[in-house]
Amino acid sequence: MGASWGGLEAVGRLLADIPDEIDVPIVIAQHRHRTSTSSGLAELLHLRIKRPVQDVDDKMPIEPQHVYIAPPDYHLLVERGSFALSVDERVQYARPSIDVLFESASYAYGPAVIGIILTGANEDGAAGLALIKQRGGVAVIQDPAGAARRTMPDAAIAATAADAILPLEEIGKFVYGLCVKAEAAQPPVRASGPVEGVRGNREVPTTGAEA
């Protein structure tokens with residue numbers, strides 16, 4: 001998920017609304033000043049939820065049910081199974097950039113990604129959300145009418161055909177429904193061992209993404 005102006009309250013509310021039994025990893029790009037305390041946002045969010053919350057280190061593995069936050073003044077990129085950090089040029093005047101996060105997630109996990117745009121005062125995230133949608137993922141946008149700053153959700157609405165434009169208090173329920181449906185669509189696991197003729201370990205499809 002991506003947020004800027006007013007994002008602390010919006011992100012905190014959304015995280016609190018996603019039930020603990022939904023074990024997808026959640027990844028957040030929140031615009032922060034480069035001198036912000038690295039762990040400050042994680043500590044504030046952890047007061048509101050039970051999930052582990054942490055700023056990302058380079059090459060950190062992605063684990064279920066964790067909440068990951070882009071550290072100040074770094075772009076956060078999603079790779080298959082892990083993260084990478086970058087100090088490349090700012091995108092939409094921002095580092096971390098929501099566009100960078102969303103675009104990398106869409107290339108790593110394709111249709112398994114749920115992209116969520118929340119309140120913000122610039123257009124960062126619109127292009128990234130459009131790419132998530134283009135590659136088969138789900139695009140969710142906070143209703144601009146209820147956002148602290150509507151520029152970011154308005155830009156996202158203009159850039160892509162969203163799957164849902166919802167008030168903040170309804171997004172958690174929508175995400176829950178997506179994850180439950182995705183889990184139900186997975187093939188049953190055979191308790192008796194691997195299917196004959198299939199070699200090696202089976203890769204378990206990811207059922208959701210980073211917002």
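**View 1**
An α-helix has 3.6 residues a turn, so residues three or four places apart point the same way.

**View 1. The largest nonpolar core of the protein chain.**
This core holds 29 residues, among which Met1, Leu15, Ile28, Ile116, Leu118 and Ile171 touch the most other members. At least two core residues come from each of several elements, including helix 1 (7–17), strand 2 (26–30), strand 7 (114–117), strand 8 (138–142) and helix 6 (168–185). A second, separate core has 25 residues, including Ala108, Tyr109, Ile132 and Met152.

**View 2. The surroundings of Ile171.**
When neighbours within four places in sequence are set aside, Ile171 is in contact with Leu14, Ile116, Leu118, Val140, Gln142 and Leu166. Of these partners, Ile116 and Leu118 are, like Ile171 itself, among the residues that touch the most other members of the largest nonpolar core.

**View 3. The hairpin of strand 5 and strand 6.**
Strand 5 (residues 75–79) and strand 6 run antiparallel and are joined by five bridges, and the bridge partner of Leu76 in strand 6 is Leu85. Two residues lie between the strands of this hairpin, in which Gly81 takes a positive phi near 95°. Four of the five residues of strand 6 (residues 82–86) are buried, so strand 6 is largely enclosed by the rest of the structure.

**View 4. The whole chain and the segment of residues 187–211.**
The protein chain has six helices and nine strands, and 50% of its 211 residues count as buried. Among contacts with a separation of 6 or more, 66% involve residues 24 or more positions apart. The chain exposes about 10400 Å², of which carbon and sulfur atoms supply 52%. The average pLDDT is 87, and 85% of the residues score at least 70; over residues 187–211, however, pLDDT stays under 50, and the model has 34 contacts beyond four places in sequence for this segment. Where pLDDT is low, the predicted coordinates should not be read in detail.

Terms used. Residues numbered from 1 in each chain as written. Predicted model: local features only at pLDDT ≥ 70, side-chain atom pairs only at ≥ 80, totals over all residues. Heavy atoms only, no water. Buried < 20%, exposed > 50% of the residue type's maximum accessible area, 1.4 Å probe, protein only. Contact = heavy atoms within 4.5 Å. Areas by Shrake-Rupley, 256 points an atom, 1.4 Å probe, with all protein chains shown as cover. Pairing = 2+ DSSP bridges. Core = buried A, V, L, I, M, F, W, Y, C linked by side-chain atoms within 4.5 Å. pLDDT = per-residue confidence, 0-100.
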